Amino acid sequence: MRGKFITFEGCEGSGKSTQIRLLSEKLTALGVDFIVTREPGGSDVAEQIRKIILDGGNDKMCDECEALLYAAARIQHLKEIVEPALAAGKLVVCDRYVDSSLAYQGAARGLGEKYVEEINSAALKDYPPDLTVFLNISPDKAFERKHGADLNDRMEKQGLEFHMKVYGGYLALLDKYPRICAVECGGTKWETSEKVFALLKDKGII
Ligand code: TYD
């Protein structure tokens with residue numbers, strides 16, 4: 001049987017990596033056959049694209065180039081890593097996916113939903129996630145929690161105004177796609193992890 005595909009989304013500092021690590025521990029204890037991967041990256045070619053996108057020195061990169069590079073890394077990662085794992089019946093847990101492009105490039109960069117949907121049509125039509133966990137915390141609170149942004153990271157060093165637009169983009173996606181479920185993450189990381197686990201159970205993922 002084909003495996004399930006779940007993605008994690010959220011603003012910078014929302015705690016995706018921590019939550020994915022805590023979930024992995026639970027999945028391992030349960031004996032679930034799963035892989036954890038991430039975007040942009042997750043495969044050799046896509047990791048090389050990731051370096052170009054996030055390089056803080058690449059300040060001449062135009063918004064369209066940025067969006068296309070994310071889409072290029074995505075399709076490579078889908079074909080090389082995600083699809084074979086799903087075909088082998090594994091659960092795929094991915095840190096960020098196409099909703100990041102819709103929120104960051106579509107909403108915050110202002111390229112619009114239509115443009116981003118078009119360049120990501122394969123991801124949206126052929127590989128829609130079974131469930132997307134949106135870790136819901138606004139960027140002002142998240143940056144406070146992680147003590148500021150990483151200034152070597154081209155995306156993270158965009159100002160708070162940019163990241164608030166990303167957050168607005170995510171909230172609009174929540175209304176549009178029933179597969180996206182918000183998990184409030186103002187409490188401890190363990191409390192949030194319990195909520196994520198309960199959600200996966202509720203949705204029949206595990
Ligand atoms: P990363 O260091 O993985 O950030 P985080 O730990 O917050 O996930 O860097 C990924 C960055 O790329 C992050 O700033 C979000 C951004 N991004 C986009 O703008 N569009 C996309 O499609 C994806 C996948 C990520």
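Q: What should I know before I start?
A: Residues are numbered from 1 along each chain as its sequence is written. In this predicted model local features need pLDDT of at least 70 and side-chain atom pairs count only at pLDDT 80 or more, while totals for chains, interfaces and linings use all residues, and side-chain values use heavy atoms, without hydrogens and water.

Q: What is the strand order of the open sheet, and how do the strands pair?
A: Strands of a sheet pair through backbone hydrogen bonds, either parallel or antiparallel. Here five strands run in the order S2-S3-S1-S4-S5 with parallel pairing; strands are DSSP E runs of at least two residues, helices H or I runs of at least four, both numbered from the N terminus. Two strands pair if DSSP finds at least two bridges between them. S2 and S5 (180–184) are the edge strands, each pairing on one side only.

Q: Which residue stands opposite phenylalanine 8?
A: Look at aspartate 95 in S3. Strand S1 (residues 5–10) pairs with S3 in the parallel sense over four bridges.

Q: Where is arginine 96, and is it buried or exposed?
A: Buried means under 20% relative accessible area, exposed over 50%, and partly exposed in between (1.4 Å probe, protein chains only). Arginine 96 is in the loop between S3 (91–95) and H4, and is buried at 12%. Its phi is near 75 degrees, a positive value in a residue other than glycine.

Q: Where can I find a cis peptide bond?
A: Go to glutamate 39 and proline 40, where omega is about -10 degrees. Proline 40 lies in the loop between S2 (34–38) and helix H2 (44–54).
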